[in-house]
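User: I want to learn how to read strands and surface charge in a model. Can you take me through it step by step?

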Amino acid sequence: IYQCDWSSDVCSSDLVQAPSIDLFSEAVRQDPYPAYEAVRRHGPVYFDKGSKNHFVGRYADVYGALIDTEHFSSAHSGIEQTFMGAVESTDAVRIRLVKSMLREALSTKRVDALEGAVADAAKVAVGAAVERGEFESRSALSAVVPAAMFRTMLGLDEVDTLRLLRWSDAMLLYGSDARKYRSRIPSLVRRARRRIAGDPAEGAVREAAEFFRGYFRVNRDRYAEAWVANSMITVAESGILDAEALVDLTMGFAVASAETSTSLINNSVNLLARDGDLHDFLRGGDEAVTSFVEEVLRFASPVQRRPRVVRSACEIGGVALKEGDLVTLLIGSAHRDPEAFSDPDTFLPSRTPNRHLAFGMGARSCPGSQLGRLEARHVLSELAAQTRRVELARPDEPLTYPAQLALRQPMNLHVRAIPS
């Protein structure tokens, strides 16, 4: 898949080395923004010898690479590898067909048709959280609506929120350490079979794989109204994917459904709990809520990194890259670039314009972006309607963040909802 020489220190043209910036450290997992600033100050590209990776942190350069599909590929890299795992890297036609299917399944028309269901789910989820009083935000609120929509789109009844989160967390562990899990084998199912010694995620990944194998063996009438499931099966029946690839794709869809929207909502709750004035801002109506969501996507982007592989020789900011080089686009860094955003380290819910890159750009933009925004808007609108404020229930407890450095949300955010 990659054409770098992993046994040597050479994976690109010669790059000027900066003082070491460890972008895989625990400190970066807890607070990546000082490291992001160091990357931007260093130059257009920071080359990390340990991971043989080229990190890009400036907004203009990140934007340019996101839209440059001629020179940069997302196939078999990071989360994209999970999503498209069993589609061979050389089969670009199949990759495009599957992505086209996902975009159609999550089109504006489909998402608009879901709005009533999203609104109802948000009202119930927030009501239950408010009744509980104090709760852990991620599992008790932020993931509830995304999980409900996942069940609706695939025709599932038996996968509750906690089960989906457990599977998603386990699957993401396989990509949490680039140096430990750098595997030429794309499929999550095949990775699970490798029995990585002592890995706590293995059992959950196996469980998820077995569940979805069984899911696709049942009578198709069971999920006749579940259009995403029907789209996936249609793709499989056409011969584009085999049975294991279909399982991989569904597992990747589970990760995307559970994590991105959940992170967006959870990061929003975290901000609300730390600044009471933001609660008042949300009461300003639909435009205020929409603007708030877009600023969360910039300030606390759920996806912090997007990996790419260089297709053919090119440059970023004058730095030469060759075919096979690994490139990581630091979305979180681009969003804090003062050349692109005024006062970038301040959360400004009315920020306009807000040209963030949270869902990617162009042909590779996230197909679920509209649904994620819709879910977040309805949950936040309900929080504004049903509560006077949301506050930290354990203000002295340090927050922890995912092992997967590409994603960012607090994993132990305990809040208290004060009813209206």
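Analyst: Start with a cut-off: buried means under 20% relative accessible area. Keep in mind that this is a predicted model.

User: Which way do the residues of strand 2 point?

Analyst: The general idea comes first. In a regular strand, side chains alternate between the two faces of the sheet. Now the case here. Strand 2 covers residues 53–56. Asn-53 and Phe-55 point one way, while His-54 and Val-56 point the other way. All four are buried.

User: Which strands pair with strand 2?

Analyst: Strands count as paired with at least two bridges between them. Strand 1, residues 46–48, pairs with strand 2 in the antiparallel sense, over three bridges. There, Phe-55 is the bridge partner of Tyr-46. Strand 8, residues 326–330, runs parallel to strand 2, and four bridges join them. In that pairing, Val-56 stands opposite Leu-329.

User: What is found in the hairpin of strand 1 and strand 2?

Analyst: Four residues lie between the strands. Look at Lys-52: this residue takes a positive phi near 55°.

User: Now the surface. Which residues form the negative patch?

Analyst: Patch members need over 30% relative accessible area and no salt bridge. Here the patch consists of Asp-112, Glu-115, Asp-286 and Glu-287. Helix 6 (108–132) and helix 15 (286–299) each supply at least two of its residues.

User: Why does Glu-115 count as partly exposed?

Analyst: Partly exposed is the range between buried, under 20%, and exposed, over 50%. Glu-115, in helix 6, has 34% relative accessibility, so this residue counts as partly exposed.

Terms used. Residues are numbered from 1 along each chain as its sequence is written. This is a predicted model: local features need pLDDT of at least 70, side-chain atom pairs count only at pLDDT 80 or more; totals for chains, interfaces and linings use all residues. Side-chain values use heavy atoms; hydrogens and water are left out. Patches are made of residues with over 30% relative accessible area and no salt bridge: like charges are joined within 9 Å, nonpolar side chains (Val, Leu, Ile, Met, Phe, Trp, Tyr) within 5 Å. Accessible areas come from the Shrake-Rupley method with a 1.4 Å probe; for residues, only the protein chains shown count as cover. A salt bridge is a side-chain nitrogen of Lys or Arg within 4 Å of a carboxyl oxygen of Asp or Glu. Lys and Arg count as positive and Asp and Glu as negative; His and the chain ends are not counted. The place of a charge is taken as NZ of Lys, CZ of Arg, CG of Asp or CD of Glu. Buried means under 20% relative accessible area, exposed over 50%, partly exposed in between (1.4 Å probe, protein chains only).
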